[in-house]
Amino acid sequence: MKHVLKIFSLLVVISALWIGLLQASIIPQSHTWLLPIYFIVSLGCYGLLMVGVGLMRFPTCPQEALLLQQDIGEAKDFLKQRGVDVGSE
Amino acid sequence: MEQKNKYSIIVPTYNERLNIALIVYLIFKHLRSRDVDFEIIVVDDGSPDGTQEVVKQLQKLYGEDHILLRPRPKKLGLGTAYIHGLKHASGNFVVIMDADLSHHPKYLPSFIKKQLETGASIVTGTRYSKGGGVHGWNLMRKLTSRGANVLAQTLLWPGVSDLTGSFRLYRKSVLEDVISSCVSKGYVFQMEMIVRASREGYHIEEVPITFVDRVFGSSKLGGSEIVEYLKGLVYLLVTT
């Protein structure tokens, strides 16, 4: 099934549940009407939270830059000796 | 009877005169000692800086059966560079990686090991998992990367943590299959490849990699890039 259809069916199910709640009046109707808005706002907040948490925990590797410089030096030495042009850059 | 695996490493280049020599050295350093059968396919798009001359020197040093130079007349795009490289690949596995040393060849053994352990069709490098990482990104860049990632995860459910990464190992037949149905350009192309592969049900594994951004201060993430990205997301959402 195409992915977009999966999302569409999910939305249809959620909408059906919402309409069901409206009909059944378990929760006062005034609240039920606002549920989609609550849902969208929660989704937005969750997204922002995920971005924030991910940003805080963003893996960095400063030591890798140093290791890379060492590797570059090693490579240049090796290649220069064997006739490969690794000239000044 | 065990079939011997051969790995064709496709490296598209444009003005990478120095980096191509360094990357070839490092690939040999990390693979030769492990008894891995491999070849490096350099797809150069007519670099004016003499990249091809350096590759020829490397061929003299390492052998033409290990370094294949398959150039093209001018800049023709990444996707077609892979397709071009694939035509000349004699291995049963293909690795794609960048030539600018943001992808370090020292991770090649872990890609190979992961594939052998799991039998995966694709092993993709992730910068965002534990053990992985990025160096050289400022806060803004990290923010856009993280935001883009969360958006893509929410919309596409791709099953991989790093969608835009381009350091990957593919089973050759799988790469041929997936690449034939991809039409995007640039990094959206990388996303399209992995999302399509995921939809097709191919077994995909990840290994953490570190990414040292060597293009400091580049304007890689301008407004137009963001628009292109969003368009790419919608395209992928609707067509995969």
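**View 1. Aromatic cluster of A:Phe58, B:Tyr128, B:Trp137 and B:Phe211.** In this predicted model, ring pairs link A:Phe58, B:Tyr128, B:Trp137 and B:Phe211 into a cluster. Over all chains, a search of the whole structure gives 10 aromatic pairs.

**View 2. The contact between chain A and chain B.** Chain A contributes 33 residues to the contact and chain B contributes 43 residues. Together the two chains bury about 3,300 Å², with 71% of this area on carbon and sulfur atoms. A:His3, A:Phe58 and A:Leu68 account for 19% of the area that chain A buries against chain B, more than any other three residues. A:Phe58 is also a member of the ring cluster in View 1.

View 3. On the side of chain A that touches chain B, the elements giving two or more residues are helix 1 (3–24), helix 2 (29–56) and helix 3 (62–81) of chain A. Helix 3 of chain A gives the most to this side, with 12 residues. Sorted by class, the side of chain A that touches chain B holds 19 nonpolar, five polar and nine charged residues.

**View 4. Salt-bridge network of A:Asp71, A:Glu74 and B:Lys29.** Side chains of opposite charge can pair when their charged atoms come close. A:Asp71, A:Glu74 and B:Lys29 are linked in a network of salt bridges. The side chains of A:Asp71 and B:Lys29 form a salt bridge at 3.8 Å, N to O. Because A:Asp71 lies in helix 3 of chain A and B:Lys29 in helix 1 of chain B, the pair joins two chains. A second salt bridge, at 3.1 Å from N to O, is formed by the side chains of A:Glu74 and B:Lys29. A:Glu74 is likewise in helix 3 of chain A, so its pairing with B:Lys29 in helix 1 of chain B joins two chains. A:Asp71 is buried, at a relative accessible area of 11%, whereas A:Glu74 is partly exposed at 30% relative accessibility. B:Lys29 is partly exposed, at 34% relative accessibility.

View 5. B:Glu228 and B:Lys231 form a salt bridge, their closest N and O atoms lying 3.5 Å apart. Both residues belong to helix 8 (residues 223–239) of chain B and are three residues apart, about one turn of the helix. B:Glu228 is partly exposed at 42% relative accessibility, while B:Lys231 is exposed with a relative accessible area of 51%. Over all chains, the count of salt bridges comes to 11.

**View 6. The stacked pair B:Tyr7 and B:Phe93.** A pair of aromatic rings is described by the distance of the centres and the angle of the planes. For B:Tyr7 and B:Phe93, which are stacked, these values are 5.3 Å centre to centre and 20° between the planes. B:Tyr7 is in strand 1 (residues 6–13) of chain B and B:Phe93 in strand 4 (residues 93–96) of chain B, so the pair ties together parts 86 residues apart in sequence. B:Tyr7 and B:Phe93 are both buried.

**View 7. The edge-to-face pair B:Phe28 and B:Phe38.** The rings of B:Phe28 and B:Phe38 are edge-to-face, 5.0 Å centre to centre with 65° between the planes. The pair ties together parts that are 10 residues apart in sequence, because B:Phe28 lies in helix 1 (residues 17–32) of chain B and B:Phe38 in strand 2 (residues 37–44) of chain B. Both B:Phe28 and B:Phe38 are buried.

**View 8. Surroundings of B:Ser166.** B:Ser166 sits in the loop between helix 5 (139–156) and strand 7 (168–171) of chain B. With a relative accessible area of 9%, B:Ser166 is buried. Its side chain makes a polar contact of 3.4 Å with the side chain of B:Asp98. Leaving aside residues up to four places away in sequence, B:Ser166 touches B:Tyr82, B:Ile96, B:Met97, B:Asp98, B:His103 and B:Gln190.

Notes. Residues are numbered from 1 along each chain as its sequence is written. Chains are lettered from A and ligands numbered from 1 in the order in which they are written. This is a predicted model: local features need pLDDT of at least 70, side-chain atom pairs count only at pLDDT 80 or more; totals for chains, interfaces and linings use all residues. Side-chain values use heavy atoms; hydrogens and water are left out. Contact means heavy atoms within 4.5 Å. Buried area is the accessible area (1.4 Å probe) that two parts lose on being put together, summed over both. Helices (H or I, at least four residues) and strands (E, at least two) are DSSP runs, numbered from the N terminus. Ala, Val, Leu, Ile, Met, Phe, Trp, Tyr, Cys and Pro count as nonpolar, Asp, Glu, Lys and Arg as charged, and the others, Gly among them, as polar. Rings of Phe, Tyr and Trp (its six-membered ring) pair if their centres lie within 6.5 Å; planes under 30 degrees apart count as stacked, over 60 as edge-to-face and the rest as tilted. Buried means under 20% relative accessible area, exposed over 50%, partly exposed in between (1.4 Å probe, protein chains only). A polar contact is a pair of N or O atoms within 3.5 Å; within protein, one must be able to donate a hydrogen and the other to accept it, and residues adjacent in sequence count only if both atoms are side-chain atoms. A salt bridge is a side-chain nitrogen of Lys or Arg within 4 Å of a carboxyl oxygen of Asp or Glu.
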